[in-house]
Amino acid sequence: MSSSSAARTNLTSTDVSISNIVLGTGAFRVTLLGTYRGGNRNDQEAACKRFKPEYRAIQDEFFAMDFKVIDTAIQLAEEWNRWCPSGKEILITRGSFQNSRSGIKYLIEPLIRYYTKFTSNTGWIASHEELGWPVQAMEAFSHYTYHCTNGKLIVCDLQGRHRQNKFKPSTSRFELTDPAICSRTRLYGPTDMGEKGIETFFCSHKCNKFCSADWDRPRNPTRWFSPSSQTSMISSEAQRNLQLTNKAKFKPGLTSVMEPYYSDSDSDSW
């Protein structure tokens, strides 16, 4: 997938100088600022992601799942790019690994400045009034991925920027990083909210000028999650509650882990 027209990669740059400047901290990982040394991206800024020490035992498994999500999202972005209006194409960041001198494993990616969160993986969608048409384009892309896969999944948790080229508008594009996938078979790791994640997205999504009238969508979807702008995860104990035959709904816990609950009107079965 690194050679895909929808992939934003490190190109020929294989070496990065990693600083101690923290760009962001998540539940499992820390992102540091880096600078490419040599290659096509020489002197450009890089995002250098590493796992916190307490989670490094599982980093290989998590990094492998990251690439599975990204490669699937890139494949669907290629399809979108053949269909979408000019200047609305999508590039999804796909990094590569580098070990520091102390042996810490980093995932190195081109840095995205002026970062915007468009959607989450629990049905949250940014305000159209505040951010304008780019939000509509991103939620339309999620809808497109549902239609394109015959309802098997949606690509969501879309974040990045629309890079406008005012001198040559046809080369404008979206640059995205760290997407999530919600799938009916839940094959895409702890940020995969399953079929309930799919239904919750469609409770929030209203078709717009970037959607097509003939795209499929679920009938009478239910809002299973309390929408949160943060990327959410499902604890292993709660995974059984993600099937539509289970009436549990979800709300954020003390961290970004969604926890199940039953409303007063819910029973234990359909």
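Visitor: In which loop is Asn150 found?

Guide: In this predicted model, Asn150 is found in the loop between α3 and β9.

Visitor: Why is Asn150 called exposed?

Guide: The relative accessibility of Asn150 is 65%, and a residue is called exposed when the value is over 50%, so Asn150 counts as exposed. Its backbone has a further feature, in that phi of Asn150 is near 55 degrees, a positive value in a residue other than glycine.

Visitor: What makes Tyr114 exposed, and where is its place?

Guide: Tyr114 has a relative accessible area of 73%, which is set against the cut-off of over 50%, and therefore Tyr114 is exposed. Its place is in the loop between β7 and β8, the latter covering residues 116–117. Phi of Tyr114 is near 55 degrees, again a positive value in a residue other than glycine.

Visitor: How do you know whether Lys206 is buried or exposed?

Guide: Lys206 has a relative accessible area of 56%, and because exposed means over 50%, Lys206 is exposed. Lys206 lies in the loop between α4 and β13 (233–234), and although Lys206 and His143 are 63 residues apart in sequence, their C-alpha atoms are 9.8 Å apart in space.

Visitor: Why is Lys49 called buried?

Guide: The value for Lys49 is a relative accessible area of 5%, and buried means under 20%, so Lys49 is buried. Lys49 lies in strand β4, residues 45–51, and, leaving aside its neighbours within four places in sequence, is in contact with residues including Val30, Phe63, Tyr106, Glu109 and Asp178.

Visitor: What makes the pairing of the Lys49 and Asp178 side chains a polar contact?

Guide: The two side chains come to 2.7 Å, and a polar contact calls for a pair of N or O atoms within 3.5 Å, one able to donate a hydrogen and the other to accept it, so the pair is counted as a polar contact.

Visitor: Which residues that line the largest pocket are the closest to its centre, and how much space lies in this pocket?

Guide: About 1,100 Å³ of space lies in the largest pocket. Of the 39 residues that line it, the closest to its centre are Gly26, Arg29, Lys49, Asp178 and Thr231. Two or more lining residues come from each of β2 (16–25), β3 (29–36), β4, α1 and β7 (105–110), and α1 gives the most, with five residues. By type, the lining divides into 19 nonpolar, 12 polar and eight charged residues.

Visitor: Why is Thr191 called buried?

Guide: Thr191 has a relative accessible area of 19%, and the cut-off for buried is under 20%, so Thr191 is buried. Its place is in the loop between β12 and α4, and its contacts, leaving aside neighbours within four places in sequence, include Asn121, Ile181 and Met233.

Visitor: How do you know that α4 is mostly covered?

Guide: In α4, 10 of its 11 residues are buried, among them Gly194, Ile198, Phe201, Phe202 and Cys203.

Visitor: Which residues have the most contacts inside the largest nonpolar core?

Guide: The largest nonpolar core has 46 residues, and those with the most contacts inside it are Trp80, Ile90, Ile92, Ile154, Val155 and Leu176. The elements that each supply at least two residues of this core include α1 (59–83), α3 (133–148) and α4 (194–204). Apart from this core lies another, of nine residues, among them Leu32, Tyr36, Ile104 and Ile108.

Visitor: Which residues does Trp80 touch?

Guide: Not counting residues up to four places away in sequence, Trp80 touches residues including Ile90, Ala137, Phe141, Tyr144, Phe210 and Trp215.

Terms used. Residues numbered from 1 in each chain as written. Predicted model: local features only at pLDDT ≥ 70, side-chain atom pairs only at ≥ 80, totals over all residues. Heavy atoms only, no water. Core = buried A, V, L, I, M, F, W, Y, C linked by side-chain atoms within 4.5 Å. Buried < 20%, exposed > 50% of the residue type's maximum accessible area, 1.4 Å probe, protein only. Helix = DSSP H or I, 4+ residues; strand = E, 2+ residues; numbered from the N terminus. Contact = heavy atoms within 4.5 Å. 1 Å grid on protein atoms, 1.4 Å probe; cavity = no way out; pocket = protein on both sides within 12 Å on 5 of 7 lines; lining within 4 Å. Points joined across faces, edges and corners; volume = space filled by probe spheres on them. Nonpolar A, V, L, I, M, F, W, Y, C, P; charged D, E, K, R; others polar.
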